[in-house]
Amino acid sequence: MKQIDLTLTISPSIPNFPGSPKPQFIPWSTLKEDGYNLELLFLSSHTGTHLDAPYHFEKNGAKIHQISLDRLVGNGILIKIKKGKNQVITKNDLISFERKNGNIPKYSSIIFHTEWQKNLNNDHYFINNPGLSESAAKYLVSKEINLVGIDSPSIDLGINRTFIVHKILAKNNILIVENLTNLNKI
């Protein structure tokens, strides 16, 4: 089986959320002075491809270090559904997918390939991205899924500042992975 890296490379030039700090690689130790090279890495926890733990939007939700690695390894369901600026993935999109492919099993990890990642270097990438509708999020909760991933910077629409989808998923202990890349290679 060929491995495919689904993460963005962290670099000083990686696009990031407006208002978030750019990643910095700060020299700390050098071969010449210390016998080894060491850098400090300064970045937001939402730089590049990242996992949102339930704690991100749920006061008593699990934090990153409390999530079992078992939840991050396993089979996933890739849903290819092209979406453009501020277009939602709806409950009907999910029902249509199930009619063609069978029911989404309990504890599944669902990955949405919207093709939004091609806009990574555009100014509108972080503010006009596609995301899930509230009804789609509630439908996935009813399916008792494990994780939702997407190739956009947020599971919520870029224009949505209430983060309703994040809150629905976090409240139900569903993990979120955002900013996935290379989904076209699967």
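The dialogue below goes through the fold, the helix packing and the voids of one predicted model.

User: What should I know about the model before reading values from it?
Analyst: The model is predicted, so local features need pLDDT of at least 70 and side-chain atom pairs count only at pLDDT 80 or more, while totals for chains, interfaces and linings use all residues. Residues are numbered from 1 along each chain as its sequence is written, and side-chain values use heavy atoms, with hydrogens and water left out.

User: How many helices and strands does the chain have, and in what order do the elements run?
Analyst: Helices (H or I, at least four residues) and strands (E, at least two) are DSSP runs, numbered from the N terminus. The chain has 4 helices and 9 strands. Read from the N terminus, the order is β-α-β-β-β-β-α-β-β-α-β-α-β. The radius of gyration is 18 Å, close to the 16 Å of the globule rule for 186 residues, so the chain is as compact as a globular protein of that length. That radius is taken over C-alpha atoms, and the rule is 2.2 Å times the number of residues to the power 0.38. The C-alpha trace spans about 65 × 40 × 35 Å along its principal axes.

User: How do α3 and α4 pack?
Analyst: Two packed helices are described by the angle between their axes and the distance between the axes. Axes are lines fitted to C-alpha atoms, for helices over the stretch in contact, and angles run from 0 to 180 degrees between N-to-C directions. Helix α3 (residues 134–142) and helix α4 (residues 164–171) make an angle of about 10°, with axes 9 Å apart. This makes α3 roughly parallel to α4; angles under 35 degrees count as roughly parallel, over 145 as roughly antiparallel, 65 to 115 as roughly perpendicular and the rest as oblique. In contact (heavy atoms within 4.5 Å), E134, A137, K138 and V141 of α3 meet I164, V165, I168 and L169 of α4. The classes in this contact are 6 nonpolar, no polar and 2 charged residues. Nonpolar covers Ala, Val, Leu, Ile, Met, Phe, Trp, Tyr, Cys and Pro; charged covers Asp, Glu, Lys and Arg; the others, Gly among them, are polar.

User: At what angle do α2 and α3 pack?
Analyst: Helix α2 (residues 91–101) packs on α3 at about 45°, with the axes 7 Å apart. The two are therefore oblique to each other. K91, L94, I95 and E98 in α2 meet S135, A136, Y139 and L140 in α3.

User: What volume does the largest pocket have, and what lines it?
Analyst: On a 1 Å grid over the protein atoms alone, a cavity is a set of points where a 1.4 Å probe fits but cannot get out, and a pocket is an open set with protein on both sides within 12 Å along at least five of seven lines; lining residues have an atom within 4 Å of a point. The largest pocket has a volume of about 900 Å³. Of its 26 lining residues, L6, L72, G74, G76 and I111 are closest to its centre. The largest share, 3 residues, comes from β4.

User: Which residues line the largest cavity?
Analyst: Its lining is D52, A53, P54, H56, F57, H166, L169, A170, I174 and I176. Helix α4 gives the most, with 3 residues.

Key
Points joined across faces, edges and corners; volume = space filled by probe spheres on them.
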